[in-house]
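The sequence and the model come first, then the notes by topic.

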Amino acid sequence: MGLLSDQICVVTGAGQGLGRAIALEMSREGATLALIERNEATLAEVAAEISAGGGRSTQHGLDVTDYEAFARAIDDVHARHGRIDVLVNNAAINPSTKSILDDTLEEWRRTIGINLEAVYVGSKLVAKVMTAQRSGRIIHISSIQGFASSGLCGSYNAAKGALIAYTKSMAVELAPFDILVNAVAPGFMVTPMSIVNGVDETATPEFVDWYIDRRKIPLGRSGLPEDVAGTVVFLASNYCRYMTGQLLVVDGGLTSTF
Ligand SMILES: NC(=O)c1ccc[n+]([C@@H]2O[C@H](COP(=O)([O-])OP(=O)(O)OC[C@H]3O[C@@H](n4cnc5c(N)ncnc54)[C@H](O)[C@@H]3O)[C@@H](O)[C@H]2O)c1
């Protein structure tokens with residue numbers, strides 16, 4: 001018996017990075033996955049990995065800001081399984097290269113659209129199912145950038161900070177239905193998102209000197225997707241049952257020091 005045996009878990013942005021690791025870990029714990037991802041190729045790869053490990057998943061190739069497609073996918077998962085136990089709002093972009101002095105309203109709206117508005121829409125879609133079944137878990141993937149900033153990522157930070165506040169709001173509103181809503185704030189993770197303009201930001205000499213060698217990250221390494229996947233499994237599992245509205249920071253101690 002796994003920690004998520006027979007649970008129906010929806011993960012957005014499941015094609016790579018944290019979403020992939022979360023989906024695989026949930027599958028290993030016995031869950032049936034609904035994979036949502038706009039990149040059809042990586043979506044198929046993760047579904048194949050799950051299948052190779054003996055797990056089950058359905059694939060939903062869509063952009064989470066296509067709300068009609070998102071709604072059809074949630075309807076499909078519900079119709080197929082009769083329930084939805086967990087939603088992990090993981091899909092996001094981080095276009096962080098500009099400051100408020102030179103970014104545009106269009107860029108701001110695009111980031112807020114994917115990283116915040118689509119989370120609202122997806123949560124609302126599953127909340128209808130979960131309130132009717134009177135159980136469920138909604139887990140938002142926020143970021144340490146939601147409460148501290150490395151600069152040049154205003155719209156990303158604004159969305160991630162809003163998710164922390166919205167976690168609390170949703171937790172209070174949905175608690176009467178036994179729906180638990182929590183968030184995870186990863187620190188520096190080694191994923192495709194950490195590659196900016198072809199450079200892995202977690203491997204530059206400056207990064208290694210400051211964050212690793214000088215132990216600005218007390219645990220002395222960047223995070224791996226698997227480090228976050230276990231935390232998400234905990235939040236989705238029955239080991240987490242009296243905790244809602246909380247933010248779990250998974251950053252190797254980075255924001256615990258100065
Ligand atoms: N990488 C980090 O250092 C880091 C740190 C803190 C928080 N996070 C958060 O973790 C989550 C995952 O990040 P990651 O590093 O794995 O990113 P990533 O870019 O490697 O993967 C994101 C996945 O989401 C998908 N996606 C993006 N926009 C989408 C959309 N509109 N519709 C459908 N799918 C979409 C992408 O195709 C990709 O497969 C994000 O919420 C991110 O903000 C990452």
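Among contacts in the chain between residues at least 6 apart in sequence, 73% join residues at least 24 apart; two residues are in contact if their C-beta atoms, placed from the backbone, lie within 7 Å. This is a predicted model, in which local features need pLDDT of at least 70 and side-chain atom pairs count only at pLDDT 80 or more, while totals for chains, interfaces and linings use all residues. Residues are numbered from 1 along each chain as its sequence is written.

**Overall build**

- The chain has 7 helices and 9 strands; these are DSSP runs numbered from the N terminus, with helices (H or I) of at least four residues and strands (E) of at least two.
- A compact globule of 258 residues would have a radius of gyration near 18 Å, and the chain agrees because its value is 18 Å. The radius is taken over C-alpha atoms, and the globule rule is 2.2 Å times the number of residues to the power 0.38.
- The C-alpha trace spans about 50 × 40 × 40 Å along its principal axes.
- Of the 258 residues in the chain, 46% are buried. A residue is buried if 20 or more other C-beta atoms lie within 10 Å of its own, exposed if 12 or fewer, and partly exposed in between, with C-beta atoms placed from the backbone.

**Domains**

- The domain assignment gives domain 1 (8-187 + 223-251) and domain 2 (192-222); such bounds come from an automatic or database domain assignment.
- The centres of domain 1 and domain 2, taken over C-alpha atoms, are 25 Å apart.

**Ligand shell**

- The ligand is surrounded by 28 residues, and the closest are Gly13, Gly17, Ala92, Thr191 and Met193. A residue is near a molecule or strand if its C-beta atom, placed from the backbone, lies within 6 Å of it.
- Domain 1 and domain 2 each supply at least three residues to the shell.
- Helix H1 (residues 17-28) gives the largest share of the shell, 3 residues.
- By class, the shell holds 12 nonpolar, 13 polar and 3 charged residues. Ala, Val, Leu, Ile, Met, Phe, Trp, Tyr, Cys and Pro count as nonpolar, Asp, Glu, Lys and Arg as charged, and the others, Gly among them, as polar.

- In soluble globular proteins, nonpolar side chains tend to be buried together.
- The largest nonpolar core has 70 residues, of which Cys9 and Val10 touch the most other members. Helix H4 (residues 105-133) contributes the largest share of this core, 9 residues.
- A nonpolar core is a set of buried Ala, Val, Leu, Ile, Met, Phe, Trp, Tyr and Cys residues joined through C-beta atoms within 7 Å.
- Apart from neighbours within four places in sequence, Val10 is in contact with Ala34, Ile36, Val77, Ile84, Val86, Leu87, Val88 and Val126.

**Helix residues**

- Glu25 lies in helix H1 and is buried, because 22 other C-beta atoms lie within 10 Å.
- Leaving out neighbours within four places in sequence, the contacts of Glu25 are Ala229, Gly230 and Val233. Glu25 and Ala229 are 204 residues apart along the chain, yet their C-alpha atoms are separated by 6.3 Å.
- Val119 is in helix H4 and counts as buried because it has 27 other C-beta atoms within 10 Å. Residues up to four places away in sequence aside, Val119 touches Asn89, His140 and Leu163.
- Glu117 also has its place in helix H4; with 17 other C-beta atoms within 10 Å, Glu117 is partly exposed.
- The C-alpha atoms of Glu117 and Asp103, 14 residues apart along the chain, are separated by 19 Å.
- Ala48, in helix H2 (residues 40-52), counts as exposed because it has 12 C-beta neighbours inside 10 Å.

**Positive phi in loops**

- Arg134 sits in the loop between H4 and strand S5 (136-141). Its phi is near 60 degrees, a positive value in a residue other than glycine. Arg134 is exposed, with 10 other C-beta atoms within 10 Å.
- Asp178 is in the loop between helix H5 (154-174) and strand S6 (179-186). Asp178 is not a glycine, but has a positive phi of about 60 degrees. With 15 C-beta neighbours inside 10 Å, Asp178 counts as partly exposed.
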